[in-house]
Amino acid sequence: MIVSDVLTVAQTAQYLQVCDKTVRRLIAKGDLLASKVGNSWRIQKSDVDFYLKKNRNFTKEVGKNE
């Protein structure tokens, strides 16, 4: 079995726990980097992780001064 850092749309959707259509929308908007191989998109896992890191939201801790 070959372990790859390159994911299909379906694998990316499973990793992000969203539907395939959501992944395709993120690619179309330019929010998620991907490469077209033939008629299929391929996404590097590092780009998925970067997308997640880039879109984190941080909340202030309760009781901290602003």
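Predicted model: local features only at pLDDT ≥ 70, side-chain atom pairs only at ≥ 80, totals over all residues.
## A first look at the fold

Starting at the N terminus, the elements of this protein chain follow the order β-α-α-β-β-α. That gives three helices and three strands to keep track of. The chain has 66 residues, and 18% of them are buried.

**The whole chain**

- Take the contacts between residues at least 6 apart in sequence: 45% of them join residues at least 24 apart.

**The sheet**

- The three strands make an open sheet, lined up as β1-β3-β2, with antiparallel pairing.
- β1 (6-7) and β2 (35-37) sit at the edges with a single partner strand each, so one side of each has no neighbour in the sheet.
- Strand β3 (residues 40-44) pairs with β2 through three bridges, in the antiparallel sense.
- If you want a spot to look at in that pairing, find Ser35, which stands opposite Arg42 in β3.
- Helix α3 (residues 45-54) packs on the sheet, where α3 touches β1 and β3. The direction of α3 makes about 70° with that of β3.

**Helix α1 and its buried side**

- Which residues of helix α1 (residues 9-16) are buried? They are Val9, Thr12, Ala13 and Leu16.
- These four cover an arc of only 100° around the axis, so they end up on the same side of α1.
- What do the buried residues of α1 pack against? Their partners are β1, α2 (20-29), β3 and α3.

- Thr12 is one of the residues of helix α1, and its relative accessibility is 0%. Buried means under 20%, so Thr12 counts as buried.
- Leaving out residues up to four places away in sequence, Thr12 touches Leu7, Val23, Leu32, Ile43 and Val48.

**How α1 meets α2**

- When two helices pack, you can describe them by the angle between their axes and the distance between the axes.
- Here, the axes of α1 and α2 come within 8 Å and cross at roughly 105°. Angles of 65 to 115 degrees count as roughly perpendicular, so that's how α1 lies relative to α2.
- On the α1 side, the residues that meet α2 are Val9, Ala10, Thr12 and Ala13. Across from them, α2 brings in Asp20, Val23, Arg24 and Ile27.

- Is Gln17 buried or exposed? With a relative accessible area of 73%, Gln17 is exposed, because the cut-off for exposed is over 50%.

- Ser4 is found in the segment before β1.
- The relative accessibility of Ser4 is 39%, so Ser4 counts as partly exposed.
- Along the chain, Ser4 and Gln44 are 40 residues apart, while 8.9 Å separates their C-alpha atoms.

Notes:
Residues numbered from 1 in each chain as written. Heavy atoms only, no water. Pairing = 2+ DSSP bridges. Helix = DSSP H or I, 4+ residues; strand = E, 2+ residues; numbered from the N terminus. Contact = heavy atoms within 4.5 Å. Axes fitted to C-alpha atoms, helices over the stretch in contact; angles between N-to-C directions. Buried < 20%, exposed > 50% of the residue type's maximum accessible area, 1.4 Å probe, protein only. Arc of directions from axis to C-beta. Parallel < 35°, antiparallel > 145°, perpendicular 65-115°, else oblique.
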